[in-house]
Amino acid sequence: MAENERSLFGFTIKRKKTAEDKVAKTFSRDEEDGSYQISPTGGYFGQYLDINGDEFKSDVDLILKYRNITTYPEVDAAIEDIVNESITKPEDGTVVTLNTDNLDQADNVKKLITEEFENILKILDFNNKGYDLFRRWYVDGRLFYHVIIGNKAEAGIKELKPIDPTKIRKMKEVEKVKQPGTAVELIKTVGEYYLYTDDEHGGVSNEQGLKISPDAIIQVNSGLLNEKRDKVIGYLHKALKPMNQLSMMEDSMVIYRISRAPERRIFYIDVGNLPKGKAEEYLNNTMNKYRNKIVYDPTTGDLKDQRDHKSIMEDFWLPRREGGRGTEISTLPGGQNLGEVEDVEYFQKKLYRSLNVPLSRLEQDSTFNIGRTSEITRDELKFQKFVDRIRIKFNGLFLQALERQLILKKIIVPSDWAEIKSQIFIDFSKDNHYAELKDTEVLTARLEVLSIMDEYVGTYYSREWVRKNILRQNDDLIKEIAKQNEEEPAEDEDEDM
């Protein structure tokens with residue numbers, strides 16, 4: 001199949017443009033790859049996010065905000081649970097495997113594809129660094145790798161170099177042409193590239209930086225978009241607002257407890273008919289005469305004179321004019337509801353829900369229960385489905401690297417990849433105990449139904465129907481079991497002899 005254009009590691013091979021090639025193809029902007037669209041003359045189609053008054057004018061600000069909230073214990077604990085559930089290292093050390101059972105290719109091609117997939121895992125050192133890679137991708141909401149090849153392209157990928165997402169941006173140069181007879185502007189992409197800058201502030205502009213061919217970069221996004229669907233966001237985006245609210249509530253709670261915890265005295269000093277200036281002088285003299293300024297120094301263990309008191313810890317001195325009740329000393333009690341934290345707990349639970357982690361996993365008094373799978377809660381099932389979804393998004397790292405590897409080594413041609421991609425699957429290792437427990441319970445339930453239906457087999461139901469609908473056996477499995485049943489009696493007779 002001939003291709004109009006093919007770009008590989010900075011080299012572009014294309015046929016001469018015709019009049020048809022210059023026609024705009026679409027009116028829709030594609031932002032799901034996180035690219036900035038610019039005109040050939042330069043300039044962004046500006047876009048930024050504003051969350052609770054905090055302006056995120058670029059992806060850099062957003063990524064730094066995501067990284068900042070991971071320093072909070074609640075968010076870090078949730079991320080640990082998600083990454084631990086997604087990346088499980090079994091005893092053999094193989095975290096992910098390639099499934100080519102549905103691939104419509106010869107066995108030798110399947111073997112080559114599987115071998116190259118294993119080479120990609122070795123280049124990434126995924127069995128050892130998979131946890132860190134997945135965590136970085138989950139927090140930042142995107143992952144970038146520079147594909148480095150040797151002197152000979154046929155040797156394949158030599159190294160996959162990680163790139164800080166704050167220093168690289170995908171750019172698209174577009175042309176807008178008005179459709180004749182309408183006001184609709186059609187968009188045509190005339191150039192794509194990645195722009196890299198080593199600016200210490202992480203800023204990326206379209207006026208400076210290193211332009212890199214798209215085939216030399218692997219980009220894996222979260223697949224999430226903002227409400228306008230014009231900007232890629234991360235999985236921690238929903239947690240920004242609850243995290244800010246929880247932080248403010250905790251700070252206000254600490255301030256309240258410090259200010260209201262101690263009991264303080266209120267001195268009402270009778271100043272009679274003294275003028276204002278004389279009354280203030282008399283009040284100050286009385287304060288200096290009776291106020292205790294001896295404090296304990298915890299560093300030395302000595303008592304010392306300390307006149308610089310915090311205002312929240314001081315007594316109150318109030319003047320009282322003639323006609324009042326004279327000088328009086330009363331006590332201002334400390335806070336009576338210092339143990340109430342319902343408001344803080346509310347925002348804490350709201351934060352947990354925004355992180356898609358079951359509340360039971362984050363409660364300190366919860367215990368680890370190994371029982372029947374029927375005892376797993378609905379939240380745990382939802383959490384497992386969420387983990388499966390983000391695994392599929394993360395698979396883009398392996399698929400993009402595998403595509404480049406197979407094309408470089410001339411195992412396939414570029415036009416074959418679309419079909420192959422839809423026929424291969426990437427399997428992540430799962431917790432062995434729960435996988436075995438689930439399979440055992442499913443088989444037990446099927447055998448129980450089979451024992452109940454045994455007397456009806458041959459009359460109301462056929463054996464083939466039972467195998468396919470109760471035991472869920474396909475044609476290949478039925479043939480394999482029949483073959484094994486034929487071979488087993490012969491083996492038993494040889495053993496008896």
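## Salt bridges across the structure

The whole structure holds 14 salt bridges. A salt bridge is a side-chain nitrogen of Lys or Arg within 4 Å of a carboxyl oxygen of Asp or Glu. This is a predicted model: local features need pLDDT of at least 70, side-chain atom pairs count only at pLDDT 80 or more, and totals for chains, interfaces and linings use all residues. Residues are numbered from 1 along each chain as its sequence is written, and side-chain values use heavy atoms, with hydrogens and water left out.

## A buried pair and its network

Arginine 169 and aspartate 59 meet through their side chains in a salt bridge (1.8 Å, N to O). Arginine 169 sits in strand E9 (residues 168-178) and aspartate 59 in helix H1 (residues 59-69), so the pair ties together parts that are 110 residues apart in sequence. Helices (H or I, at least four residues) and strands (E, at least two) are DSSP runs, numbered from the N terminus.

Are arginine 169 and aspartate 59 buried or exposed? Both are buried. Buried means under 20% relative accessible area, exposed means over 50%, and partly exposed lies in between (1.4 Å probe, protein chains only). Salt bridges link Asp59, Arg142, Arg169 and Lys231 in a network.

Arginine 135 forms a salt bridge with aspartate 76, and their closest N and O atoms are 2.9 Å apart. The pair links distant parts of the chain: arginine 135 is in helix H4 (residues 126-140) and aspartate 76 in helix H2 (residues 73-86), 59 residues apart. Arginine 135 has 18% relative accessibility, so it counts as buried. Aspartate 76 has 27%, so it counts as partly exposed.

Lysine 410 pairs with glutamate 154 in a salt bridge, with the closest N and O atoms 3.8 Å apart. Here loops are joined, 256 residues apart. Lysine 410 is in the loop between helix H10 (396-408) and helix H11 (417-421). Glutamate 154 is in the loop between strand E7 (142-149) and strand E8 (157-163). Lysine 410 is exposed at 64% relative accessibility. Glutamate 154 is partly exposed, at 46%.

## A negative patch

Which residues gather in a patch of negative charge on the surface? They are Glu340, Glu342, Asp343 and Glu345. Patch residues have over 30% relative accessible area and no salt bridge, and like charges are joined within 9 Å. Asp and Glu count as negative.

Glutamate 340 lies in the loop between strand E19 (328-332) and helix H7 (342-354). Its relative accessible area is 47%, so glutamate 340 is partly exposed.

Notes. Patches are made of residues with over 30% relative accessible area and no salt bridge: like charges are joined within 9 Å, nonpolar side chains (Val, Leu, Ile, Met, Phe, Trp, Tyr) within 5 Å. Accessible areas come from the Shrake-Rupley method with a 1.4 Å probe; for residues, only the protein chains shown count as cover. The place of a charge is taken as NZ of Lys, CZ of Arg, CG of Asp or CD of Glu.
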